[in-house]
Amino acid sequence: MSDKPRITTSSHDAATGSKKTYITGFVLSVSLTAAAFFLVHIHVARHHTYPSDNFMMLALPALAVVQLFVQLVFFLHLSRRSNSRWNAWALAFAAVVVAIVVIGSLWIMSNLNYRMMYSPSQVKQYLKDQSDL
């Protein structure tokens, strides 16, 4: 008998992950991230004319959703063969995380927009007035 470990390809191994699934998930994740980065880079480099703003508003969320499913399938190992209760919990957790990130980002951007309404000269004058008190 040899001392080498046996390589099995049972359904249990597929559900827990293998090097192949992790590498595939990693390559897909990096590719999707690079695609989004280059879309934004081209959009900004061409002064927001090509690709159009409407296309960007559709393409970037679509890439994000595909990225989410890649993460769920290749790293959290959600599949039709796995436990449906586990799939439901994992999807609920993913939805909560996405909601927190999106709502938190919108809240921060709104707050920054409100706080950046004043010109630098107005801010300097305000700070000067406050320091005199």
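**Notes on the model**

1. H48 lies in the loop between α2 and α3. The phi angle of H48 is near 60 degrees, a positive value in a residue other than glycine. Most residues other than glycine have a negative phi, and most peptide bonds are trans. At 45% relative accessibility, H48 counts as partly exposed; the classes are buried under 20% relative accessible area, exposed over 50%, and partly exposed in between, computed with a 1.4 Å probe on protein chains only.

2. Some words on the basis of these notes. The model is predicted, so local features need pLDDT of at least 70 and side-chain atom pairs count only at pLDDT 80 or more, while totals for chains, interfaces and linings use all residues. Residues are numbered from 1 along each chain as its sequence is written, and side-chain values use heavy atoms, with hydrogens and water left out.

3. The overall make-up is five helices and zero strands. Helices here are DSSP runs of H or I with at least four residues, strands are runs of E with at least two, and both are numbered from the N terminus. Along the sequence the pattern reads α-α-α-α-α. Of the 133 residues in the protein, 14% are buried.

4. Y50 and P51 are joined by a cis peptide bond, with omega at about -15 degrees. P51 is placed in the loop between α2 and α3.

5. How do the helices on either side of this loop pack? Helix α2 covers residues 19-45 and helix α3 residues 53-74; their axes come within 10 Å and cross at roughly 165 degrees. Axes are lines fitted to C-alpha atoms, for helices over the stretch in contact, and the angles run from 0 to 180 degrees between N-to-C directions. The two helices are therefore roughly antiparallel to each other, the class for angles over 145 degrees; under 35 is roughly parallel, 65 to 115 roughly perpendicular, and the rest oblique.

6. The crossing of α2 past α3 is left-handed, meaning that the near helix is turned anticlockwise from the far one by less than a right angle, with clockwise giving right-handed. The contact of α2 with α3 has 15 nonpolar, eight polar and one charged residues. In this count Ala, Val, Leu, Ile, Met, Phe, Trp, Tyr, Cys and Pro are nonpolar, Asp, Glu, Lys and Arg are charged, and the others, Gly among them, are polar.

7. The largest nonpolar core has six residues: L32, L39, M56, A59, L63 and V70. Such a core is a set of buried Ala, Val, Leu, Ile, Met, Phe, Trp, Tyr and Cys residues joined through side-chain atoms within 4.5 Å. Both α2 and α3 supply at least two residues each, and the largest share, four residues, comes from α3.

8. T33, in helix α2, has its C-alpha atom 8.5 Å from that of A64, which is 31 residues away along the chain. T33 is partly exposed, at 45% relative accessibility. H43 is also placed in helix α2, but is buried, with a relative accessible area of 7%. The C-alpha atoms of H43 and D53 are separated by 8.3 Å, with the two residues ten apart along the chain.

9. How many aromatic pairs does the structure hold? There are two, where rings of Phe, Tyr and Trp (its six-membered ring) pair if their centres lie within 6.5 Å, and planes under 30 degrees apart count as stacked, over 60 as edge-to-face and the rest as tilted. The rings of Y22 and F75 are stacked, because their centres are 6.1 Å apart and their planes at 20 degrees. Y22 is in helix α2 and F75 in the loop between α3 and α4 (84-115), so this pair ties together parts 53 residues apart in sequence. Y22 is partly exposed at 36%, and F75 is partly exposed at 29%.

10. The other pair is F37 and F38, which is edge-to-face because the ring centres are 5.3 Å apart and the planes at 75 degrees. F37 counts as exposed at 53% relative accessibility, whereas F38, at 47%, counts as partly exposed.

11. H77 lies in the loop between α3 and α4. The phi of H77 is near 60 degrees, a positive value in a residue other than glycine. H77 is buried, with a relative accessible area of 14%.
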